[in-house]
Amino acid sequence: MNISPSKLNTFLMFKLPAAYFTGVRTKSLDDTTCVVTVKHRWINQNPFNSMFWAVQGMAAELTTGALVMKKIKESGKKISMLVANNNASFTKKATGRITFTCKEGHKIDDAISKAIETGEGQTVWLSANGVNSDGVEVSAFNFEWTLKVKS
């Protein structure tokens with residue numbers, strides 16, 4: 001399967017329904033960048049009338065994970081991927097449409113190349129920042145992905 005925004009959104013519907021039903025959607029994906037949006041709605045709100053942190057986390061993780069999936073597909077190798085660690089900070093209430101962006105595809109290239117060369121598992125930290133429609137950052141997420149060539 002060629003990984004594209006529409007195929008990722010269909011994938012969400014069947015494999016990650018919580019993300020799909022809360023409105024997480026991939027908008028663009030290329031070699032270096034992935035953009036995912038989610039709109040604050042009744043189904044994804046917290047008691048403080050803003051977006052629940054876990055919904056933001058699903059959108060942020062998808063930005064990094066979609067890039068990893070795309071790079072693994074392009075490598076032609078069978079490589080396992082798993083989040084080992086993550087952290088986040090929240091700086092403003094998330095209301096309206098929040099756009100998460102990861103621009104670190106080059107880091108994944110390096111980790112996959114090293115995993116293939118050495119046969120050893122590699123880790124890579126990827127960040128995804130969420131901004132509102134005014135361009136103000138509302139949250140910042142970091143995910144440590146582990147990559148290992150399957151034998």
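**Reading a predicted chain**

Modeller: In this predicted model, the chain has 4 helices and 6 strands, and read along the sequence these elements follow the pattern α-α-β-β-α-β-β-α-β-β.

Biologist: Why is the chain called as compact as a globular protein of that length?

Modeller: The radius of gyration of the chain is 15 Å, and the globule rule gives 15 Å for 151 residues, so the chain is as compact as a globular protein of that length. Along its principal axes, the C-alpha trace spans about 50 × 30 × 20 Å.

Biologist: What share of the 151 residues is buried, and what makes a residue count as buried?

Modeller: A residue is called buried when its relative accessible area is under 20%, and such residues make up 41% of the 151 residues in the chain. The accessible surface of the whole chain comes to about 8100 Å², of which 53% belongs to carbon and sulfur atoms.

Biologist: Why is Asn 49 called partly exposed?

Modeller: The relative accessible area of Asn 49 is 48%, and because partly exposed covers the range between the 20% limit for buried and the 50% limit for exposed, Asn 49 is partly exposed.

Biologist: Where does Asn 49 lie, and what is its phi?

Modeller: Asn 49 lies in the loop between strand E2 (34-39) and helix H3 (53-75), and it has a positive phi of about 60° although it is not a glycine.

Biologist: Among contacts between residues at least 6 apart in sequence, how many join residues at least 24 apart?

Modeller: Of those contacts in the chain, 66% join residues at least 24 apart in sequence.

Key
Residues are numbered from 1 along each chain as its sequence is written. This is a predicted model: local features need pLDDT of at least 70, side-chain atom pairs count only at pLDDT 80 or more; totals for chains, interfaces and linings use all residues. Side-chain values use heavy atoms; hydrogens and water are left out. Helices (H or I, at least four residues) and strands (E, at least two) are DSSP runs, numbered from the N terminus. The radius of gyration is taken over C-alpha atoms; the globule rule is 2.2 Å times the number of residues to the power 0.38. Buried means under 20% relative accessible area, exposed over 50%, partly exposed in between (1.4 Å probe, protein chains only). Contact means heavy atoms within 4.5 Å. Accessible areas come from the Shrake-Rupley method with a 1.4 Å probe; for residues, only the protein chains shown count as cover.
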